[in-house]
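Please walk me through this structure.

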Amino acid sequence: MNFARTILALPHGLLQLPTFLPDATLGVVRSLDSADLEQCGIQAVVMNTFHLMQRPGSSTITSLGGLHKMSGWPHPIITDSGGFQAYSLIRQNSKYGHMSDKGITFQPDGSDRKFHLTPEKSVQLQLSYGADVVVCLDDCTHVDDSFETQQESVRRTIEWARRCKNEFQHIVEQKRLSQEERPLLFGVIQGGGSHELRRQCADALLEMSFDGFGYGGWPLDSDGHLLSDIIAYTRELVPPELPMHALGIGHPANIVECYRMGYTLFDSAMPTRDARHARLYAFTTPDALPAQREGKWFSYLYVNDDKAIKNDGPVSRFCDCLCCSRYTVGYLHHLFKINDSLFLRLATLHNLRFMAQLMERLRTEQNEQQGIQPARPAY
Ligand SMILES: [Zn+2]
């Protein structure tokens with residue numbers, strides 16, 4: 001495996017790879033502020049076009065100076081295209097919207113407004129938000145969908161990628177953005193579980209030339225297992241020097257597995273959602289690399305459990321976050337039981353520090369292999 005790229009240069013700073021991006025869905029990582037994220041060693045966040053176009057809406061975001069200014073986050077932001085959320089909504093119930101070659105129309109439950117998302121609109125929105133990485137709108141599928149559905153998805157994804165790229169180039173030229181100022185544009189590779197379709201999609205997108213790629217489609221099978229074979233195959237279709245984002249893959253063990261395949265960008269709502277539900281992550285050793293302790297290198301600590309009541313130790317002995325340096329598991333249990341908002345902040349902060357530490361351990365391993373001194377992001 002060739003891990004040629006260890007740094008990704010973006011308009012709002014350099015990303016050291018691999019890196020984990022928490023989901024700041026509506027422009028905020030719930031219960032944390034930007035300084036908390038910096039303290040955790042988080043380098044970048046993902047924000048969701050689909051949700052932000054509804055709340056607070058693109059004209060409000062523009063009035064507030066774009067996503068960076070609005071959220072007080074001066075570091076890189078990747079926006080998604082909105083396609084995955086629209087797909088999930090329509091798949092859940094077709095009364096919420098429909099998809100055609102033109103684009104996606106949807107009306108979320110309880111909303112009195114219809115929203116239209118075309119490839120051009122998705123790119124316009126992401127650029128108006130000030131994103132560092134813009135992602136092409138794609139036609140998402142589930143691996144269990146029929147071959148015909150996957151074929152249709154690949155055809156549409158390629159066509160939409162072409163329209164996204166044209167719109168992106170048009171706006172970049174119009175705004176006269178230099179090479180350093182312009183965001184990166186990522187294509188998304190679809191094709192379900194079919195090697196043939198994945199190759200067809202990757203070849204067409206590579207010919208159009210993008211700055212990086214995302215693995216498209218639901219990444220788990222119906223039993224919740226990672227689709228390792230097709231995810232690894234898809235990575236091999238793209239030259240190693242082009243970064244690949246394992247979209248939505250966030251379980252720590254799955255991240256390590258995808259990293260070993262050559263993926264270097266990860267985002268998921270899982271660590272922050274788990275934190276809010278009192279499921280905290282802890283390394284079982286101070287420095288062992290995941291590969292050396294397959295399956296046993298981290299454990300869960302359930303703070304709402306009765307066993308936590310009189311636990312006077314930290315969540316993890318190997319964590320340097322605010323939560324672990326200052327508070328006990330028993331105190332966290334108490335905060336959880338009385339529904340204090342401090343619990344949400346401390347628990348989220350801890351799980352994100354765990355994810356950042358996991359990335360640091362992987363980077364250390366990578367740097368040792370390449371003979372480079374490891375470094376933490378400096379703010
Ligand atoms: Zn901690």
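Strands S10 and S11 (residues 212-215) pair in the parallel sense over four bridges. Two strands count as paired if DSSP finds at least two bridges between them. From S10 the chain crosses through helix H8 (residues 195-208) to S11, in a right-handed β-α-β crossover. Right-handed means that, with the strands pointing away from the viewer, the path from the first strand over the helix to the second runs clockwise.

The model is predicted: local features need pLDDT of at least 70, side-chain atom pairs count only at pLDDT 80 or more, and totals for chains, interfaces and linings use all residues. Residues are numbered from 1 along each chain as its sequence is written, and side-chain values use heavy atoms, leaving out hydrogens and water.

S10 also has a partner in strand S9 (residues 133-135), parallel over three bridges. Here Val133 stands opposite Leu184. S9, helix H7 (residues 147-174) and S10 form a right-handed β-α-β unit.

How many residues of S10 (residues 184-189) are buried? Six of six are. Buried means under 20% relative accessible area, exposed over 50%, and partly exposed in between (1.4 Å probe, protein chains only). In a regular strand the side chains alternate between the two faces of the sheet. Leu184, Phe186 and Val188 lie on one side of S10, Leu185, Gly187 and Ile189 on the other, and both faces are covered.

Next comes Ser81, in the loop between strand S5 (77-79) and helix H5 (83-92). Its relative accessibility is 3%, so Ser81 is buried. Contact means heavy atoms within 4.5 Å. Leaving aside residues up to four places away in sequence, Ser81 touches several residues, including Thr49, Val135 and Asp138.

Now the aromatic rings. Rings of Phe, Tyr and Trp (its six-membered ring) pair if their centres lie within 6.5 Å; planes under 30 degrees apart are stacked, over 60 edge-to-face, and the rest tilted. The count comes to 16 aromatic pairs. Trp297 and Phe298 make a tilted one, 4.8 Å centre to centre with 50° between the planes. Both Trp297 and Phe298 are buried. Phe336 and Phe343 are edge-to-face, because their planes stand at 65°, with centres 5.0 Å apart. Phe336 is partly exposed at 22%, whereas Phe343 is buried at 2%.

How values were computed:
Helix = DSSP H or I, 4+ residues; strand = E, 2+ residues; numbered from the N terminus.
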